[in-house]
Amino acid sequence: MLVDSHCHLNFPELASNLPEIFANMEKNGVGLALCVSVNLTDFHQVISLAENYSQLYASVGVHPDYEDEEEPTVERLVELANHPKVIAIGETGLDYFRLKGDLEWQRERFRNHIRAARLCGKPLIVHTREAADDTLRIMEEEGAASVGGVMHCFTESLEVAERAIALGFCISFSGIVTFKKAIQVKEVAEKIPLDRVLVETDSPYLAPAPFRGKTNQPAYVKHVAEEVARLRGISEEELTEATTRNFMSLFKLK
Ligand SMILES: [Zn+2]
Ligand SMILES: [Zn+2]
């Protein structure tokens, strides 16, 4: 069984099509998916998916690209995370690509997520784009290593991956690893320890080859897994087994 460690099934292009999406997951052997929150306004959609479907889990957090949102306090995050199907805090992190200017609010928001994760003992889902140094520095300063988590949709260097791994984090690969020009991501997927590898879709975005440009969905995590297995020179079964075991152990599931 494969796990999609990061998707947004509450987004309208997917939410309107759930029966087909679940059927495709089953066809491709994708048994679980983690539905990741991007703001508090839509958290009720994410949690109701996780409550209604046994193959779905949820996270709570506010994405760094969502500037004009209700700002999540540490207390609010901890309160919302107190639900058996909320297994992670995020997605959170820093994004200096999409937003410019004084981004101190992003760093403060990220710190609050790490503090909440430490208080409730749930791992972090970290988004980082053109901000690797600040992301790692804040993770170190706030003691993110005590809860661990995942660097999702990883596109940074091997050195950044190794620093995150040293803090107890997993590295999750998205459809980007299937793109021909993604040389650096392919190198990371080949070289990091197998017990730190996760796979994801980040659907509805970033569909892997051969569906590039189309609406992504959790079933397509199979194509990400195929490519990571190929890069590492191991069988798809071995990669599937390892990534699922890594997911279960990171998020304390049985
Ligand atoms: Zn993200
Ligand atoms: Zn995402």
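The model contains an open sheet of eight strands, in the order 1-2-3-4-5-6-7-8 and with parallel pairing. Its edge strands are strand 1 (2–7) and strand 8 (197–199), each of which pairs on one side only. From one strand to the next the twist averages 30 degrees. Strands (E, at least two residues) and helices (H or I, at least four residues) are DSSP runs, numbered from the N terminus, and two strands count as paired if DSSP finds at least two bridges between them.

This is a predicted model, in which local features need pLDDT of at least 70 and side-chain atom pairs count only at pLDDT 80 or more, while totals for chains, interfaces and linings use all residues. Residues are numbered from 1 along each chain as its sequence is written, chains are lettered from A and ligands numbered from 1 in the order in which they are written, and side-chain values use heavy atoms, with hydrogens and water left out.

**The sheet and its helices**

Strand 4 (residues 86–95) and strand 5 (residues 124–129) are joined in the parallel sense over five bridges. Within this pairing, Ile-89 stands opposite Leu-124 in strand 5. Helix 7 (residues 158–166) packs on the sheet, where it touches strand 6 (149–151) and strand 7 (169–173), and its direction makes about 140 degrees with that of strand 7. Helix 10 (residues 236–250) also packs on the sheet, touching strand 1, strand 2 (30–35), strand 4, strand 6, strand 7 and strand 8; its direction makes about 95 degrees with that of strand 8. Here contact means heavy atoms within 4.5 Å, and axes are lines fitted to C-alpha atoms, for helices over the stretch in contact, with angles running from 0 to 180 degrees between N-to-C directions.

**The zinc site**

Donors are N, O and S atoms within 2.8 Å of the metal (3.2 Å for Na, K and Ca); water is not among the atoms, so sites may look incomplete. Glu-91 bridges the zinc ion (ligand 1) and the zinc ion (ligand 2), and the two ions lie 3.5 Å apart.

Glu-91 lies in strand 4, and His-127 is found in strand 5. Both Glu-91 and His-127 are buried, a term for under 20% relative accessible area, whereas exposed means over 50% and partly exposed in between (1.4 Å probe, protein chains only). For His-127 the relative accessible area is 14%. The side chains of His-127 and Glu-91 make a polar contact of 3.2 Å. Such a contact is a pair of N or O atoms within 3.5 Å; within protein, one must be able to donate a hydrogen and the other to accept it, and residues adjacent in sequence count only if both atoms are side-chain atoms. Beyond four places in sequence, the residues that His-127 touches include His-63, Asp-95 and His-152.

**Nonpolar cores**

The largest nonpolar core has 73 residues, and those with the most contacts inside it are Leu-9, Met-139 and Phe-173. Helix 9 (residues 221–232) supplies the largest share of this core, six residues. A second, separate core of 16 residues includes Val-3, Val-36, Tyr-57 and Met-248. A core of this kind is a set of buried Ala, Val, Leu, Ile, Met, Phe, Trp, Tyr and Cys residues joined through side-chain atoms within 4.5 Å.

**Backbone features**

Most residues other than glycine have a negative phi, and most peptide bonds are trans. The table lists departures from these patterns.

| Site | Feature | Angle |
|---|---|---|
| Gly-90 to Glu-91 | cis peptide bond | omega about 15 degrees |
| Ser-203 to Pro-204 | cis peptide bond | omega near 15 degrees |
| Glu-130 | positive phi | phi about 50 degrees |
| Cys-153 | positive phi | phi about 45 degrees |

Pro-204 is found in the loop between strand 8 and helix 9. Glu-130 belongs to the loop between strand 5 and helix 6 (132–141). Cys-153 is placed in the loop between strand 6 and helix 7, and is buried with a relative accessible area of 13%.
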